[in-house]
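Here is a friendly briefing to read alongside your viewer. Please take a look at the sequence and the model first.

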Amino acid sequence: MASSEMKPPPAGAAMPSWRAPQVLLTAAVRSSSLLGHDLINRFRAERYELFLSGHFALWASAGVVLPLLEYVFWYRTPYVLLFAAVGAPQCVALAIGLRLARLGRYSQSISLVCITNWISAVLVTVVNPNFLAVMALVAIVPVVFAEPYIRWQRGLAFTVITAVCVLAMALLTRFLPIPDVVQHGPRWLETLVIVVGVPFNAFHLLVIVWNNAAALRTSEGQLADRAAELGASRTRLTTAADEERRRLERDLHDGAQQHLVALSVLIGLARNAEHDRYQALLMEASDLVEASIVEIRRLAHGIYPPLLVSGGLSEALPTLAARAAVPVHLDLRGLGRYPTSTEAALYYCCSEALQNAAKHGGPDTAVTVTAHANDQMLNLAISDTGRGFDPATIGHGLINMTDRLSAIGGALVIDTAPGRGTRITAAVDTSV
Amino acid sequence: MVRGKHAWHAGPVADECVRVWVVDDQPGFRRATAATLDAMDDFVMAGECETGESAVELIRDGDADIVLMDIHMPGMGGIEAARQIHAARPDLMVVLMSTYDLEDISAAAADCGAAAYLHKERLSPDLLSRIWRAAR
């Protein structure tokens with residue numbers, strides 16, 4: 001059973017809603033990759049409405065239209081109208097249920113449809129116990145198609161009530177006498193209702209069950225894909241972390257350590273030097289100390305920019321832009337403070353994009369960094385006027401950025417092609 | 001072996017001087033080595049370069065007695081450069097250097113033809129003289 005209430009489908013579904021029944025009926029039989037594995041989940045709302053409509057069609061035809069026809073043409077007795085008296089309110093309830101579903105009020109819709117359906121099914125069985133088979137199936141249908149859309153506790157309660165309801169109908173059939181007025185009615189019509197009603201409801205149930213199973217298979221497939229992607233992303237992040245440690249070791253070894261070692265040699269020389277050499281060696285040593293300080297400051301800044309800690313993105317990004325090797329135009333609006341992981345991911349995303357623009361953009365490349373934020377989302381876009389590149393040849397840096405954004409629940413979109421610049425957009429949900 | 005020739009690239013060199021080539025991508029350490037050699041009467045800087053590739057090219061044709069070779073350099077690296085220089089000039093003494101301890105150095109350093117390993121921070125006129133004398 002579903003663990004949460006149903007949500008409306010995402011906006012902008014590629015397939016029009018009018019095709020949903022066709023897609024869903026096909027998907028009821030098999031989850032076809034040609035149709036797209038996500039269609040069943042994408043059309044969750046339509047699925048509910050489709051099954052509810054089928055249920056409505058049954059009640060409207062067999063519960064209202066048929067009794068009225070019977071009354072008018074074949075068996076003019078008020079007793080026949082009892083079916084319509086039960087069927088008509090049930091149709092109204094189903095219509096209201098459909099309306100509630102369209103308003104997104106699934107919980108109310110499902111409760112209304114299930115409760116009225118139980119009552120109507122019992123009443124019809126009382127009016128004509130011969131319809132037990134049809135009515136038992138009718139009593140089951142709403143619970144089966146509503147089950148994926150309700151919390152498991154309510155689903156369990158509805159299932160138990162349905163079972164009790166079917167049991168009650170069976171007992172009523174067993175112990176209530178069949179009224180004379182039913183016995184004298186046109187038997188062919190009764191037979192027709194049973195012969196058509198039982199297969200129709202059985203088929204309806206099977207379609208629902210198959211569709212639920214297809215949705216489950218699709219979800220499992222998507223979960224497996226997601227798990228595989230997460231595993232690959234985790235491996236890439238670990239590799240990137242190792243690479244970063246190697247880079248730090250290399251930077252320390254090739255930078256500050258080399259300066260300090262040379263300094264050590266010079267001091268050793270100065271210790272034993274004649275006075276005229278002494279000053280020159282100290283000057284050299286002093287230069288190396290300066291170089292070491294600059295190197296260590298640069299390294300520390302690269303590990304984690306101090307401005308990002310103290311002032312967040314709104315202060316760190318202008319400094320990053322000012323230090324970039326290409327001209328950068330900044331347009332930062334609504335930026336606040338965010339979790340450290342979010343700020344770091346977006347900062348390094350921007351840093352990587354600026355480095356790429358400087359390295360690969362070509363001469364006269366300019367960059368525009370745009371950040372827009374509100375209570376829900378933070379969007380950061382870095383656009384350059386450089387050469388662009390084939391998206392298939394994306395480098396490790398941007399792959400790492402994609403993983404890093406993904407790890408904090410965000411997404412990175414890279415829009416580029418040879419000859420038309422590069423636009424990198426990072427979006428992070430800041431409402432959670 | 002102490003020669004009394006002029007270095008081909010760096011102007012006149014005093015007679016009987018040991019000519020030293022420094023191969024290191026770090027300019028700071030090349031300066032420190034130059035200062036060390038400057039403080040020695042019988043050693044002289046014969047030349048310097050930044051990569052293993054240029055060292056192989058220059059030292060094969062040039063004149064030197066000792067090559068102070070940094071192990072970690074971009075490109076070929078010091079160990080491979082030492083191997084190629086030793087193959088071309090077995091008479092040359094190659095001293096490998098780095099800032100790592102000896103146990104952190106690749107085992108390939110042992111059989112590349114280098115005569116000694118020198119921790120960079122221990123570079124001094126005295127140690128250089130002793131290495132040279134020991135090898136001769």
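What percentage of the 136 residues in chain B do buried residues make up? The share is 43%, where buried means that 20 or more other C-beta atoms, placed from the backbone, lie within 10 Å of a residue's own, exposed means 12 or fewer, and partly exposed is in between. This is a predicted model, in which local features need pLDDT of at least 70, side-chain atom pairs count only at pLDDT 80 or more, and totals for chains, interfaces and linings use all residues. Residues are numbered from 1 along each chain as its sequence is written, while chains are lettered from A and ligands numbered from 1 in the order in which they are written.

**Confidence**

- The predictor assigns the complex an ipTM of 0.75 and a pTM of 0.57.
- Chain B has an average pLDDT of 84, and 89% of its residues score at least 70; pLDDT is the predictor's confidence in each residue, from 0 to 100.
- Within chain B, confidence is highest in strand β3 (residues 66–70), at 94, and lowest in helix α2 (residues 52–61), at a mean of 87.
- Over residues 1–14 of chain B, pLDDT stays under 50. Where pLDDT is low, the predicted coordinates should not be read in detail.

**Chain B layout**

- Four helices and five strands belong to chain B; helices (H or I, at least four residues) and strands (E, at least two) are DSSP runs, numbered from the N terminus.
- Along the sequence of chain B, the pattern reads β-α-β-α-β-α-β-β-α.
- Of the contacts in chain B between residues at least 6 apart in sequence, 63% join residues at least 24 apart. Two residues are in contact if their C-beta atoms, placed from the backbone, lie within 7 Å.

**Where the chains meet**

- Chain A brings 17 residues to the contact and chain B brings 13 residues.
- On the side of chain A that touches chain B, the elements giving two or more residues are α9 (187–272) and α10 (275–303) of chain A, and α9(A) gives the most, with eleven residues.
- That side of chain A has nine nonpolar, six polar and two charged residues. Here Ala, Val, Leu, Ile, Met, Phe, Trp, Tyr, Cys and Pro count as nonpolar, Asp, Glu, Lys and Arg as charged, and the others, Gly among them, as polar.

**A helix pair in chain A**

- Helices α5 (residues 106–127) and α6 (residues 132–146) of chain A pack at an angle of about 175 degrees, with their axes 9 Å apart. Axes are lines fitted to C-alpha atoms, for helices over the stretch in contact, and angles run from 0 to 180 degrees between N-to-C directions.
- α5(A) is therefore roughly antiparallel to α6(A), a label for angles over 145 degrees.
- The residues in this contact include W118(A) of α5(A) and M135(A) of α6(A); by class, there are 13 nonpolar, two polar and no charged residues.

**The sheet in chain A**

- Five strands of chain A form an open sheet of mixed pairing, in the order β1-β2-β3-β5-β4; two strands pair if DSSP finds at least two bridges between them.
- β1 (328–333) and β4 (411–416) of chain A stand at the edges with a single partner strand each, so one side of each has no neighbour in the sheet.
- Strands β3 (residues 377–384) and β5 (residues 422–429) of chain A run antiparallel and are joined by eight bridges, with M377(A) opposite D429(A).
- Helix α13 (residues 340–360) of chain A lies across β1, β2, β3, β4 and β5 of chain A, at about 10 degrees to β3(A).

Note on methods: Angles under 35 degrees count as roughly parallel, over 145 as roughly antiparallel, 65 to 115 as roughly perpendicular and the rest as oblique.
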